[in-house]
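Visitor: I would like to learn how to read a few features in a fold. Please take me through them one at a time.

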Amino acid sequence: QVQLVESGGGLVQAGGSLRVSCAASGIIFSINAMGWYRQVPGKQRELVATVTRVGSTNYGDSVQGRFTISRDNAKNTVYLQMSNLKPEDTAGYYCNAVGVVTTKYRSTELWGQGTLVTVSS
């Protein structure tokens with residue numbers, strides 16, 4: 001079974017740092033882009049950052065300059081290093097993968113189950 005598994009969320013004080021990881025498991029031949037989105041109850045899910053297979057990155061305006069996304073293609077894993085965290089960064093963080101090629105799908109999209117990041121003031 002192909003799936004995304006996130007780890008590394010938790011509680012951190014404002015101004016602190018935290019890294020979350022997301023690993024794709026199962027038989028996967030390639031993944032085009034991987035990224036992170038976040039959501040708080042009652043609001044739409046918003047882009048945090050994405051990274052393509054060749055390393056091109058895109059960031060949401062609210063995290064630009066504070067968060068860094070990176071990826072290990074050999075491990076099908078994406079990381080999000082979050083620095084200078086603010087209380088408004090508190091959310092469920094969801095990993096996403098698009099263009100996932102498996103034995104069953106030529107191209108599919110995956111979502112992780114989410115990991116909670118809480119930033120205290």
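Visitor: What should I know about the model before starting?
Guide: It is a predicted model, in which local features need pLDDT of at least 70, side-chain atom pairs count only at pLDDT 80 or more, and totals for chains, interfaces and linings use all residues. Residues are numbered from 1 along each chain as its sequence is written, and side-chain values use heavy atoms, with hydrogens and water left out.

Visitor: Which residues of the largest nonpolar core touch the most other members?
Guide: First the terms. A nonpolar core is a set of buried Ala, Val, Leu, Ile, Met, Phe, Trp, Tyr and Cys residues joined through side-chain atoms within 4.5 Å. Buried means under 20% relative accessible area, exposed over 50%, and partly exposed in between (1.4 Å probe, protein chains only). Here the largest core has 29 residues, and Trp36, Leu80, Met82 and Tyr93 touch the most other members. Elements giving two or more residues to this core include β3 (18–25), β4 (28–39), β8 (77–82) and β9 (91–102). The top contributor is β9, with five residues. Strands (E, at least two residues) and helices (H or I, at least four) are DSSP runs, numbered from the N terminus.

Visitor: What is Tyr93 in contact with?
Guide: Contact means heavy atoms within 4.5 Å. Leaving aside neighbours within four places in sequence, the partners of Tyr93 include Trp36, Val48, Phe67, Leu80, Met82 and Val117.

Visitor: How many disulfides does the structure hold?
Guide: A disulfide is a pair of cysteine sulfur atoms within 2.5 Å. There is one. Cys22 and Cys95 form it, with sulfur atoms 2.0 Å apart. Cys22 lies in β3 and Cys95 in β9, so the pair ties together parts 73 residues apart in sequence. The link is left-handed, with -85 degrees about the S-S bond. Cys22 is buried, at 0% relative accessible area. Cys95 also counts as buried, at 0%.

Visitor: Is Val20 buried or exposed?
Guide: Val20 counts as buried, at 0% relative accessibility. It lies in strand β3. Beyond four places in sequence, Val20 touches residues including Trp36, Val78, Leu80, Met82 and Val117.

Visitor: Which rings does the charged end of Arg45 sit over?
Guide: A charge sits over a ring if NZ of Lys or CZ of Arg is within 6 Å of the ring centre and within 35 degrees of the ring normal. The charged end of Arg45 sits over the ring of Tyr94, 3.9 Å from its centre. It also sits over the ring of Trp111, 4.7 Å from the centre.

Visitor: Where do Asn76 and Asn84 lie?
Guide: Most residues other than glycine have a negative phi. Asn76 has a positive phi of about 50 degrees, and Asn84 has a positive phi of about 50 degrees. Asn76 is in the loop between β7 and β8, and is buried at 14%. Asn84 is in the loop between β8 and β9, and is partly exposed at 42%.
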